Amino acid sequence: MDVKSAYPNFINEEVYVAQPPGFIDFAKPNYVFRLKKALYGLKQAPKAWYGRLKAFLIKHDYSIEMVDNTLFTKKKDSNLIIVQIYVDDIIFGSTCQEMCDDFAKIMHDEFEMSMMRDVRIQSFYT
């Protein structure tokens with residue numbers, strides 16, 4: 001999955017930027033802009049995105065693994081889903097197709113997402 005709306009998120013701190021070339025107010029050339037949303041190149045953007053995603057997944061009963069704070073899991077009966085976050089890309093897999101479908105649905109309902117492709121892994125031992 002690729003999150004299209006990862007970085008245009010709200011930020012948790014006040015961030016100011018200089019007026020960009022082409023958008024300078026000549027009546028107020030020394031003024032700066034206060035950002036209301038995170039921008040893609042802003043160093044606070046990944047942190048803001050991760051905070052929002054983490055809170056969303058925890059609200060849906062996903063657990064953060066101790067080894068890697070970008071690895072989330074959820075158990076349901078004897079099934080397991082694993083979700084790996086890398087910036088604005090998400091890789092997930094499960095022992096149960098229903099859990100994959102549920103995860104894709106909640107993510108699509110909350111965020112603007114695109115599904116890159118469905119990869120089926122087959123066992124070499126069968």
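1. The side chains of Asp-109 and Lys-105 form a salt bridge, with N and O 2.7 Å apart. Both belong to helix H2, and because Asp-109 and Lys-105 are 4 residues apart there, about one helical turn separates them. An α-helix has 3.6 residues a turn, so residues three or four places apart point the same way. Asp-109 is exposed, and Lys-105 is exposed too.

2. This is a predicted model, and the points here should be read with its confidence scores in mind. The average pLDDT of the chain is 80, and 75% of the residues score at least 70. Over residues 122-126 the pLDDT stays under 50, and the model has 0 contacts beyond four places in sequence for them.

3. How many salt bridges does the count come to? The count comes to 3 salt bridges.

4. Arg-52 and Glu-110 make a salt bridge in which the closest N and O atoms are 3.7 Å apart. Arg-52 is in helix H1 and Glu-110 is in helix H2 (residues 97-110), so this pair ties together parts that lie 58 residues apart in sequence.

5. Lys-76 and Glu-98 form a salt bridge, their closest N and O atoms being 3.8 Å apart. Here a strand is joined to a helix: Lys-76 lies in strand E5 (residues 71-76) and Glu-98 in helix H2, so the pair ties together parts 22 residues apart in sequence. Lys-76 is partly exposed, at a relative accessible area of 39%. Glu-98 is also partly exposed, at 47%.

6. A disulfide needs the two sulfur atoms within 2.5 Å. Cys-100 is accordingly in no disulfide, its nearest cysteine sulfur being that of Cys-96. The count comes to 0 disulfides.

7. Are these two cysteines buried or exposed? Cys-96 has 16% relative accessibility and counts as buried. Cys-100, with 12% relative accessibility, counts as buried as well. The cut-off that decides this is 20%: a residue under that value is called buried.

8. Helix H1 covers residues 45-59, which makes 15 residues. From its first C-alpha to its last, H1 reaches 21 Å, close to the 21 Å expected at 1.5 Å a residue. Just after H1, Asp-61 takes a positive phi of about 70°.

9. Which residues of H1 are buried? They are Ala-45, Ala-48, Trp-49, Leu-53, Phe-56 and Leu-57. These residues cover an arc of only 160° around the axis, which means that they are on the same side of H1. The face turned away from this buried side carries the exposed residues Lys-47 and Lys-59.

Note on methods: Residues are numbered from 1 along each chain as its sequence is written. Side-chain values use heavy atoms; hydrogens and water are left out. Buried means under 20% relative accessible area, exposed over 50%, partly exposed in between (1.4 Å probe, protein chains only). Helices (H or I, at least four residues) and strands (E, at least two) are DSSP runs, numbered from the N terminus. The expected span of a helix is 1.5 Å times one less than its number of residues. The arc is that of the directions from the helix axis to the C-beta atoms. A salt bridge is a side-chain nitrogen of Lys or Arg within 4 Å of a carboxyl oxygen of Asp or Glu. pLDDT is the predictor's confidence in each residue, from 0 to 100. Contact means heavy atoms within 4.5 Å.
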